[in-house]
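Hello,

Here is the structure I promised to pass on to you. Have a look at it first, and then read on for my notes.

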Amino acid sequence: MPSHPELITLRRPADGAAVGTYRTVDEHGVREAVAVAAEAAPAWAALHPRARGELMAELARLMGRDAELLARLDSEDGGKPVTDCVSGDVPSAIEAIRWFAEAADKVSGSVAPTDGGALGITTRHPIGVVAAVVPWNYPLAMAAWKIGPALASGNCLLLKPAEATPRSVQHLAALAADAGLPTGVLTVLPGHGAVTGRALAEDPLVRAISFTGSQITGRQILAGAAASNFKRVSLEMGGKSPQILMRDALSFGEELFEEMAVSAFLSSGQNCTAGSRVYVDAAIFDEVVQRFVTAAEKLVLGDPGDPRTQMGPLINRAALERAEAAVSDAVTRGAALLTGGAAVPVVPGGHYLPATVVANAPRDCAVSQEELFAPVVTVSPFREEDEVIALANDTEYGLAASVWSRDVDTALRVARRVEAGVVSVNCYSEGDITTPFGGWKQSGFGGAEKSLVAFDQWTLPKVTWLRTRIKED
Ligand code: ADP
């Protein structure tokens, strides 16, 4: 991996065409950026929270002005259908910045219930210079989930986008400057994970790092923190999420199949919360599978720039080969391929895999256990509630799940027993900006994102214990 700045040509996953270039930041560049952030940090932390919020609100306004451009950049770089970027990613990124801008002066400390002789006051403080490393599947939205609370609570953030998708966040950094955020408050450092990302994880002046990506990288970031300054680490490392359909689920009609398809195939399954394991009560299994396969086959696979496209290409050839190999391994071991499974030449130069459904997959094969980041779903019947709980929890991950039943007792009982950070009932959802998002088990730890809970990740609590010497009668 070159350790000096390098000019990278960006090729869009849609067809491999070059869409731009950028220069990577090397270790020296990271050190320089950290120094600039460190210089900006005291003044930014000392600014009235409302003033920080106002600057961030202006940033959100400029993002709204440039929403179309931001959507196009994310769609071109990541290969995500432009319709999803326009209706999902960009509005949710703007909402995150605006919501945390509004929250900047709404979060107070607390006073402990001590006796009259003392006041135990807890206040929250910025950490200082902090970093974020984000993946390519939600370039702008993932960045906004981290930028929002990090900046609102008074930190200076260095953000490394993924190699394939730097342009939307680079534009965001330019908008931040236009909005009046001081130099060093938000710095975008594009580059290789093993160079730029690693330098951030190992930097002795960076006091916290928030990461979203793979488990392999999560381990390296933890190692970097351990080898340097024990910086705070927060990790979100994906999932292998179950969709659980109880016996009465068919009563939801077509809505059920539409939501199941979104859960499984949104962004061609390149989504941390993709519902990639479907468990269905045996009494309705055959009908559900047949209708789900029909819904999957209706999805429009195509050029992500075409507004009719519902599923775009996979990010690169390696991702396609991995998914195809996992499906053919499952089939070799006795699974049934119900639809999809092989690439289709939708647009020359792109890697397009149609929605793929596999039945009877052994529990220990890749389609059952690995986060494939592809539109590949397993379907399995169950007979007892205990059985489906065991199946749903038979994974090292614990990010998300969905449960379908009109019986509120059943739905809530199952939701309660599934080991996951977010369980949606009778829909597929991660909640909204007001609800925390974070995984259980090996999906991650170190603090949730979104909602006021996100401030825990980006602030340091301080207790001031004040003796009052007030005599109680
Ligand atoms: P994915 O499989 O989603 O691409 P990665 O974990 O490879 O997940 O990448 C997520 C982010 O982590 C990207 O921005 C990538 O550049 C970065 N990254 C990769 N390797 C490292 C590393 N050793 N240290 C820090 N960041 C890294």
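A nitrogen atom of the ligand sits 3.4 Å from a polar backbone atom of Arg-198. Please keep in mind that this is a predicted model. In Lys-160, an N or O atom of the side chain is 2.8 Å from an oxygen atom of the ligand. In Thr-217, a side-chain N or O atom is 2.6 Å from a ligand oxygen. On its own the ligand would expose 550 Å², and the protein buries 80% of that. There are 17 residues around the ligand, and the closest are Val-134, Lys-160, Glu-163, Ser-214 and Thr-217.

Next, the salt bridges. The structure has 27 of them, and I picked out a few to show you.

Let us begin with helix H11, which covers residues 317-332. Glu-321 and Arg-317 join their side chains in a salt bridge, with 3.4 Å from N to O. The two are 4 residues apart in this helix, which means that about one helical turn separates them. Glu-321 is partly exposed, since its relative accessibility is 41%. Arg-317 is likewise partly exposed, with a relative accessible area of 47%.

Another salt bridge pairs the side chains of Glu-370 and Arg-322, at 3.1 Å from N to O. Arg-322 belongs to helix H11, while Glu-370 is in the loop between helix H12 (366-369) and strand S14 (376-382), so this pair ties together parts that lie 48 residues apart in sequence. Glu-370 has a relative accessible area of 35%, so it is partly exposed. Arg-322, at 39% relative accessibility, also counts as partly exposed.

A further salt bridge brings together the side chains of Glu-385 and Arg-417, with an N to O distance of 3.8 Å. Here, too, distant parts of the chain are linked: Glu-385 is in helix H13 (residues 385-392) and Arg-417 in helix H14 (residues 408-417), 32 residues apart. Are these two partners buried or exposed? Glu-385 is buried, because its relative accessible area of 18% falls below the 20% cut-off. Arg-417 has 35% relative accessibility and therefore counts as partly exposed. There is also a network, in which salt bridges with shared partners join Arg-72, Glu-76, Asp-77 and Arg-167.

Where is Trp-404 placed? You will find Trp-404 in strand S15, which runs over residues 400-404. Trp-404 is buried, with a relative accessible area of 1%. Leaving out residues up to four places away in sequence, Trp-404 touches Ile-244, Leu-245, Met-246, Asp-248, Ala-249, Phe-252, Glu-255, Leu-256, Glu-259, Asn-426 and Cys-427. From Trp-404 to Val-414 there are 10 residues in sequence and 9.5 Å in space, taken from C-alpha to C-alpha.

The loop between strand S12 (336-339) and strand S13 (356-359) holds His-351, and Ala-343 is in the loop between S12 and S13 as well. His-351 has a relative accessibility of 15%, so it counts as buried. Not counting residues up to four places away in sequence, His-351 touches Pro-13, Pro-313, Leu-314, Asn-316, Arg-317 and Leu-320. Among these contacts is Arg-317, the partner of Glu-321 in the salt bridge described above.

Ala-343 is partly exposed, with 38% relative accessible area. Apart from neighbours within four places in sequence, Ala-343 is in contact with Leu-320, Glu-324, Tyr-352 and Leu-353.

Lastly, the surface. Which residues form a nonpolar patch there? They are Val-111, Leu-119 and Leu-466, with about 240 Å² of accessible area together. Val-111 belongs to strand S3, made up of residues 110-111. Val-111 counts as exposed because its relative accessible area is 54%, which is over the 50% cut-off.

Note on methods:
Residues numbered from 1 in each chain as written. Predicted model: local features only at pLDDT ≥ 70, side-chain atom pairs only at ≥ 80, totals over all residues. Heavy atoms only, no water. Patch = residues over 30% accessible without salt bridge, like charges linked within 9 Å, V, L, I, M, F, W, Y side chains within 5 Å. Areas by Shrake-Rupley, 256 points an atom, 1.4 Å probe, with all protein chains shown as cover. Salt bridge = Lys/Arg side-chain N within 4 Å of Asp/Glu carboxyl O. Buried < 20%, exposed > 50% of the residue type's maximum accessible area, 1.4 Å probe, protein only. Near = heavy atom within 4 Å. Polar contact = N/O pair within 3.5 Å; in protein donor to acceptor, adjacent residues only side chain to side chain. Contact = heavy atoms within 4.5 Å.
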